[in-house]
Amino acid sequence: MPTLDLDTFLDGLSSGEALHLAGLYDAWSADPKSVAPGWAGLFGALGNGGLPVAPPASGTGAGAAASAGAVRAATTDSIRALMLIRAYRVRGHLEATLDPLGITEIAPHAELDPATYGFGEADMDRPIFIDHVLGLESASLRQIVKILRETYCGSIGVEFMHIQSPEQKDWIQRRVEGAPWLSAFDAGAKRTILEDLTHAEGFETFCQKKYVGTKRFGIEGGESAIAA
């Protein structure tokens with residue numbers, strides 16, 4: 001499976017350059033127009049969360065080299081994790097389990113596979129800084145994938161990244177990520193909702209048989225019959 005190689009971009013960064021990159025990101029966060037269009041495009045594309053870069057520790061010699069190496073590794077993890085998150089926001093609905101009978105086979109998509117971004121099983125439990133994307137400052141890849149699959153690949157599919165308005169996209173994103181519907185209702189509440197829907201459906205069926213051809217409105221909110 002192909003790997004998205006960002007090491008070429010990061011390997012040449014010295015500790016000073018990494019700090020400069022962090023400064024660019026901070027400037028972009030305050031005003032996207034304050035950085036060159038290329039940087040603005042990169043920061044804006046990475047999951048709506050920008051590029052989290054931690055400033056390297058000060059020092060010289062081997063200690064500074066080790067610190068710079070740690071910054072490069074951490075930044076690589078962050079970028080790859082944000083790319084994975086963005087991929088689920090864009091493509092996650094393609095693996096949603098929308099067929100209650102399980103007849104439709106769900107084809108896997110490489111963009112939703114952590115391996116595509118250079119992650120292996122050994123990386124699943126290492127904490128990664130994601131700068132409060134998904135509501136978490138840091139999370140393991142296992143946690144990230146769990147949240148993403150519950151949000152975008154469960155029994156509800158969400159497709160919204162094509163929306164042009166940033167405010168509208170953000171509104172949807174904040175309300176769906178983390179799949180709040182999984183814990184919103186306990187078993188009793190779910191039973192009550194099912195009973196109410198069953199009663200409403202039964203009453204609608206009765207009206208359809210009793211008052212054939214009469215204009216009325218169903219529980220979906222639209223006209224379900226029009227008088228001939």
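I started with what Leu-112 touches: Leu-84, Ala-87, Tyr-88, Arg-91, Gly-92 and Glu-95, leaving out residues up to four places away in sequence. Contact here means heavy atoms within 4.5 Å. This is a predicted model, where local features need pLDDT of at least 70 and side-chain atom pairs count only at pLDDT 80 or more, while totals for chains, interfaces and linings use all residues. Residues are numbered from 1 along each chain as its sequence is written, and side-chain values use heavy atoms, with hydrogens and water left out.

Next I looked up where Leu-112 sits: in the loop between H4 and strand S1 (127-129). Helices (H or I, at least four residues) and strands (E, at least two) are DSSP runs, numbered from the N terminus. Leu-112 counts as buried because its relative accessibility is 4%, and buried means under 20% relative accessible area with a 1.4 Å probe, protein chains only.

Then the largest nonpolar core, which has 27 residues, with Tyr-88, Ile-144, Leu-148 and Tyr-152 making the most contacts inside it. Helix H4 (61-91) and helix H5 (141-152) are the elements that give it two or more residues. Such a core is a set of buried Ala, Val, Leu, Ile, Met, Phe, Trp, Tyr and Cys residues joined through side-chain atoms within 4.5 Å.

Last, the whole chain: I get eight helices and four strands, and 34% of the 228 residues are buried.

Definitions and conventions:
Buried < 20%, exposed > 50% of the residue type's maximum accessible area, 1.4 Å probe, protein only.
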